[in-house]
Amino acid sequence: MPANLDAPLVAREALPGPYALLTFAHAAVAREARAGQFVMIKAHTAPEPFLRRPFSIMAVDPGRGTFTLFLKGVGPGSRALIDMRVGETAGCLGPLGKPFEAPPPGAEALLVAGGYGVAPFYMFGEELRAQRRPFHLFYGGRTAPDLPLEEILIEGGYPLALSTDDGSRGTPGRVTVPLEAYLGAEGRQAVLYACGPDAMLHAVARVAQARGLAAQVSLDPWMGCGVGTCLGCVVKIQRPSDARPKWRPACTEGPVFDARDVVWS
Ligand SMILES: Cc1cc2nc3c(=O)[nH]c(=O)nc-3n(C[C@H](O)[C@H](O)[C@H](O)COP(=O)(O)OP(=O)(O)OC[C@H]3O[C@@H](n4cnc5c(N)ncnc54)[C@H](O)[C@@H]3O)c2cc1C
Ligand code: FES
């Protein structure tokens, strides 16, 4: 069950560029969250914005009762969180949404991340490792500074393939380039997981469809409430049982959806 708490910031690590790692005390999120779920959170220190913003849970420490977010400062909500000092509190509701589902036995999990979309895959990698499931993480950005979690992932022993659009780090080109090279020509038993910009999610869905692989994508719409009330986050979904596409709230029925069900715009 999600819990709504004033969560104190217990640790803050500024990363190069507009990025930071923030760790909050919130026992329910720390205890119950699974990879792919998110919190709705807002710093109490700033009047703006009025509404909380959604952020993926990157890591949890149930022993300490804390969870960590990986943030990119892009607007008032994310910047106010990044500017918080240890001891200050944020209004935080979570864990929310539907998590990623592990692949069936024998299938490898291929995690494809674009930009801040890498956040839930840190936690998913930990879950898969605990279940002794094989996985590989493809982490792409526009340029080398857009891969601020590279060092942390390498230190954590994540099997990692990096790529940048401008070729400044890893394989040059889109993140689907090393993904397709890894998949190779032979049929590999794998499930694809994607989190990042819409165009990237769609590209991963096309790779999966062309190879007859299952894929789960974490969609990134605007969210107002996070609990299915405002309908600000609806996305067009057509499940096999649906005669026609339906608008479904991504906060409660997602953010993770089967890529085959998403009606791409
Ligand atoms: C499930 C989920 C998980 C997420 N996880 C993370 C995460 O782990 N880390 C992370 O950094 N972010 C994450 N996000 C994204 C984050 O919630 C948004 O970037 C959020 O809007 C930031 O709030 P803000 O007030 O800082 O910026 P906002 O003012 O909301 O603006 C965010 C950005 O979008 C642009 N923008 C504003 N309005 C519009 C519009 N109408 N149409 C298109 N673009 C617009 C702005 O120019 C700005 O660049 C996640 C989003 C979702 C839905
Ligand atoms: S964010 Fe309000 S219904 Fe999804």
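Which residue just after α5 takes a positive phi? In this predicted model, where local features need pLDDT of at least 70, side-chain atom pairs count only at pLDDT 80 or more, and totals for chains, interfaces and linings use all residues, that residue is G184, with a phi of about 65°. Residues are numbered from 1 along each chain as its sequence is written, while chains are lettered from A and ligands numbered from 1 in the order in which they are written.

Helix α5 spans residues 176-183, helices being DSSP runs of H or I with at least four residues and strands runs of E with at least two, numbered from the N terminus.

An automatic or database assignment supplies the domain bounds, giving domain 1 (3-96), domain 2 (108-218) and domain 3 (220-265). The centres of domain 1 and domain 3, taken over C-alpha atoms, are separated by 24 Å. Their contact, defined by C-beta atoms, placed from the backbone, within 7 Å, takes seven residues from domain 1 and six residues from domain 3. On the domain 1 side, β3 (38-43) and β7 (89-96) are the elements that give two or more residues.

Key
A residue is buried if 20 or more other C-beta atoms lie within 10 Å of its own, exposed if 12 or fewer, and partly exposed in between; C-beta atoms are placed from the backbone. Two residues are in contact if their C-beta atoms, placed from the backbone, lie within 7 Å.
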